Amino acid sequence: MFRIPRPRSLAGQLFAMQVVLVAVVVAGCAVFAYAGAHRQAEEAAERQAGAVARAVADSPSVRDAVREADRLAAGRPGTPADPSAALQPYADRVRADSGVDFVTIMAPDGRRWTHPDPRRIGERFLGNTGPALRGETFSETYTGTLGPSIRVVTPLRDGDRIIGLVSAGITVRAISDRLGGRLAALAWVAAGALALGGAGTYVINARLRRHTHGMNAAELSRMHDYHQAALHAVREGLLMLDGQRRISLINDAGRELLGLRGDLVGRGVADLGLPAPLTGALLADRERVDEVHLTAERVLVVNSSPVAGGGRRGTVVTLRDHTALQALTGELDHERGFTRALRSQAHEAANRLHTVVSLIELGRTGEAVEFATAELELSQALTDQVLTSVGEPVLAALLLGKAAQAHERGVELVVTPDSRSLAGVPGVPPARDLVTVLGNLIDNAVDALTGTPGARIEVTARSDGRALLLRVADNGPGLPPGADVFRRGWSGKGEGRGLGLALVRQAAERHGGRATATEGPGGGAEFTVRLPLATGGPA
């Protein structure tokens with residue numbers, strides 16, 4: 001069966017492209033280098049030929065030979081001057097010593113007096129002589145008897161009179177032969193550059209192949225698309241940190257859970273303004289599993305894992321919003337407490353009912369009625385006191401339930417007389433946050449007082465028009481000196497268990513308020529939470 005070949009990997013494609021590019025660059029450089037060398041060789045040949053031609057034209061022996069030939073020719077009318085016998089040996093020596101291919105000394109009419117080929121002596125010079133006859137030295141490339149050559153023609157003077165011309169030149173073939181050695185060296189340099197470039201490209205692309213896992217461009221693009229889609233679709237917060245603990249990636253859920261805005265990539269974790277415990281968890285090198293941390297508005301479950309690989313490669317952090325679950329868990333704990341309190345009250349009511357029935361059977365009807373109504377009056381009095389003092393139905397229900405729970409554990413819970421009804425007070429924070437604050441403070445006090453003789457909890461709730469004051473005081477053993485009781489993890493039962501008081505501070509700060517813990521006037525602990533009203537000033 002015919003199979004469509006898999007596209008070459010991205011590293012392979014880049015390697016092929018880079019090899020071709022290196023080869024083109026090297027070839028181009030070689031061509032330019034050859035052209036430059038050829039031009040330099042021609043210029044050097046021109047300078048060499050010019051120097052030889054001018055040296056010959058300035059030679060006194062050449063001038064004397066031409067004068068003598070002219071004197072002899074004057075004694076033989078009709079016979080042209082011919083100094084070849086004296087000049088040819090001289091021209092051959094100069095040609096051999098200077099490295100030029102020819103030195104031609106000629107009459108003003110172009111008739112040669114010297115030539116590398118003696119048979120050409122007496123023939124007309126092939127080339128231009130006009131500028132030299134006007135007294136100028138010039139160069140040209142011309143095809144003569146020896147083939148194409150670069151030549152320089154200069155006048156031979158006797159005072160102000162031009163008595164002859166001198167031409168020296170180097171053939172193009174000789175120049176090409178000189179370039180042959182340079183061209184071979186250039187070819188070796190180009191081959192070395194190509195080999196070095198290919199080797200470097202191979203090394204770089206081998207590393208690229210390892211980093212891209214041999215995938216081609218289409219596969220990398222598809223993986224990026226899937227990565228982006230999964231990153232923004234997942235509801236958990238995802239945070240990726242590099243080795244310097246700077247953000248290299250964060251998804252939308254992560255931004256929302258951490259309450260971050262703006263461009264975050266490249267920023268250090270320590271510069272994000274997160275709570276210190278959460279910042280410490282993100283900066284830690286070791287793995288973190290299901291750690292609970294608080295931000296200004298949320299309860300987060302943090303998991304972190306170092307990136308596998310050599311060296312400090314970074315950390316992957318996942319964040320889960322535990323706020324709603326924590327609230328539901330707290331409500332469930334309250335409901336369980338209420339259930340236990342109702343069970344206890346049902347048990348006590350049964351005992352009271354048996355007592356009333358027994359008194360009736362004994363014929364003591366009046367005492368039975370008095371006993372039953374006294375219990376009802378006590379229960380109704382507590383209910384009336386809470387409703388009158390607090391007024392907020394949800395808080396009243398919470399206090400009644402907590403009072404029953406505290407009574408079951410041998411703790412008396414009372415509402416102080418200076419409490420004021422919150423009914424109709426504008427700007428009171430949501431009842432859910434009030435339940436979080438009072439519920440956790442009362443639970444903490446009941447836990448601290450359990451087993452203490454004469455245990456008593458006093459709850460105060462009132463408004464001064466600007467802020468809502470919630471205070472829970474007990475007569476227990478008090479607080480350890482210097483303890484940060486609102487820190488997540490602090491608990492009188494041991495480190496790592498406390499979350500309730502941390503939630504109290506979180507709720508207070510979320511509304512712009514504050515929570516404090518002090519020693520009570522008569523001993524014990526006193527927790528105070530001030531929450532500014534929506535229409536009031538700061539707490």
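A residue is called buried here when its relative accessible area is under 20%, exposed when it is over 50%, and partly exposed in between, with a 1.4 Å probe and protein chains only. By that definition Ala168 is buried, because its relative accessible area is 0%. The model is a predicted one, in which local features need pLDDT of at least 70 and side-chain atom pairs count only at pLDDT 80 or more, whereas totals for chains, interfaces and linings use all residues. Residues are numbered from 1 along each chain as its sequence is written, and side-chain values use heavy atoms, with hydrogens and water left out.

Of the 539 residues of the protein, 38% count as buried, and the secondary structure comprises 13 helices and 14 strands, where helices (H or I, at least four residues) and strands (E, at least two) are DSSP runs numbered from the N terminus. Among contacts (heavy atoms within 4.5 Å) with a separation of 6 or more, 55% are between residues 24 or more positions apart.

Leaving aside neighbours within four places in sequence, Ala168 is in contact with Ala49, Val52, Ala53, Phe102, Val103, Ile150, Arg151 and Val152. Val103 stands opposite Ala168, and S1 is joined to S4 (residues 161-171) by five bridges, the two strands running antiparallel; strands are taken to pair if DSSP finds at least two bridges between them.

In a regular strand the side chains alternate between the two faces of the sheet. In S1, Phe102, Thr104 and Met106 point one way and Val103 and Ile105 the other, and all are buried. Because five of the five residues of S1 are buried, this strand is largely enclosed by the rest of the structure. Thr104, in S1 (residues 102-106), is buried with a relative accessible area of 2%, and beyond its neighbours within four places in sequence Thr104 is in contact with Arg112, Thr114, His115, Phe125, Leu165, Val166 and Ser167.

A nonpolar core is a set of buried Ala, Val, Leu, Ile, Met, Phe, Trp, Tyr and Cys residues joined through side-chain atoms within 4.5 Å. The largest such core has 36 residues, of which Leu441, Ile457, Val459, Leu470, Val472 and Val529 touch the most other members. Helix H12 gives the largest share of this core, nine residues. Not counting residues up to four places away in sequence, Leu441 touches Val472, Leu501, Val504, Phe527 and Val529. Apart from this core lies another, of 28 residues, among them Tyr90, Ile150, Leu156 and Ile163.

Within H12, the buried residues include Leu434, Leu438, Leu441, Ile442 and Ala445. The 19 residues of H12 should span 27 Å at 1.5 Å a residue, and the end C-alpha atoms are 26 Å apart, which agrees; the expected span is 1.5 Å times one less than the number of residues. Just after H12, Gly451 takes a positive phi of about 90 degrees.

In helix H8 (residues 276-283), Leu278, Thr279, Ala281 and Leu282 are buried. Seen down the axis of H8, these buried residues fall within an arc of 160 degrees, so they line one face of the helix, the arc being that of the directions from the helix axis to the C-beta atoms.
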